[in-house]
Amino acid sequence: MLTIHPVFKERRILAQIVTYARPSRLFRYRRIDKETIDRELKAIEEGYIFCAGHTTLNDPMEGGHRLSTMLSKGRSSQAVKAKVEQAVGSMGIASFSEIKNHETMWAHYANNFKGICISYRTISLISGLASDIDIVKMNYSEDPPVLLRNSETPEERAKLSLSYKTLRWSQEREWRVFSINQGKQRY
């Protein structure tokens with residue numbers, strides 16, 4: 001019989017990626033119309049971020065991914081794929097940028113320079129949002145992420161899928177807030 005020393009029981013199996021370099025502020029470009037202004041002012045006054053569904057995002061390639069060879073050959077590959085797609089559909093997302101003075105962002109997201117740019121202190125968001133919410137720096141690649149045959153949950157795989165955009169979007173320097181539910185997320 002093999003006995004495992006208690007010290008080794010506590011050891012993590014996988015290393016973790018940690019981001020120490022984070023922007024001091026994150027920005028949201030918003031259009032100005034009656035509905036948007038009312039919604040944004042209410043969000044600021046009441047201290048929440050609204051996390052919308054992925055179908056409201058502007059890039060039609062959002063949420064794309066590939067199954068690894070091992071996962072795609074498994075008997076449960078179709079069930080895994082369906083669960084990931086369901087998680088992508090229910091995930092709440094709020095997009096931010098590291099930059100406040102980018103002309104393309106003003107044109108695309110702030111009604112052709114007629115909108116507003118809301119500034120958030122990153123540390124306030126990190127310390128104020130619930131522990132089950134993630135703030136993720138986007139990855140930019142021509143290749144979609146690969147879902148591996150591992151123990152990740154459908155929600156973790158959905159976040160991976162929604163954390164990638166093609167290189168053509170890299171100038172946005174985007175960060176995302178991910179919630180497992182859509183709607184208001186208090187901070």
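How many positive and how many negative side chains does the protein have, and how far apart do the centres of the two sets lie?

1. The protein has 29 positive and 21 negative side chains, with the centres of the two sets 4 Å apart. Lys and Arg are counted as positive and Asp and Glu as negative, while His and the chain ends are left out of the count; the place of each charge is taken as NZ of Lys, CZ of Arg, CG of Asp or CD of Glu.

2. This is a predicted model, in which local features need pLDDT of at least 70 and side-chain atom pairs count only at pLDDT 80 or more, whereas totals for chains, interfaces and linings use all residues. Residues are numbered from 1 along each chain as its sequence is written, and side-chain values use heavy atoms, with hydrogens and water left out.

3. Seven helices and 11 strands make up the secondary structure, where helices (H or I, at least four residues) and strands (E, at least two) are DSSP runs numbered from the N terminus. Along the principal axes, the C-alpha atoms fill a box of roughly 70 × 35 × 25 Å.

4. Of the 187 residues, 36% count as buried, meaning under 20% relative accessible area, with exposed being over 50% and partly exposed in between (1.4 Å probe, protein chains only). Among contacts (heavy atoms within 4.5 Å) between residues at least 6 apart in sequence, 85% join residues at least 24 apart.

5. A search of the whole structure finds three aromatic pairs; rings of Phe, Tyr and Trp (its six-membered ring) pair if their centres lie within 6.5 Å, and planes under 30 degrees apart count as stacked, over 60 as edge-to-face and the rest as tilted. One of these pairs is Phe96 with Tyr120, whose ring centres are 5.5 Å apart and whose planes stand at 90°, so the pair is edge-to-face. Phe96 lies in strand 4 (residues 92–97) and Tyr120 in strand 5 (residues 116–121), 24 residues apart. Phe96 is buried at 3% relative accessibility, and Tyr120 is buried at 5%.

6. Tyr120 also pairs with Tyr187, and this pair is edge-to-face because the planes are at 75°, with the centres 6.2 Å apart. Tyr187 lies in the segment after strand 11 (183–186), 67 residues from Tyr120, and is partly exposed at 31% relative accessibility. Phe96, Tyr120 and Tyr187 form one aromatic cluster.

7. The charged end of Arg28 sits over the ring of Phe96, 5.2 Å from its centre, the criterion being NZ of Lys or CZ of Arg within 6 Å of the ring centre and within 35 degrees of the ring normal.
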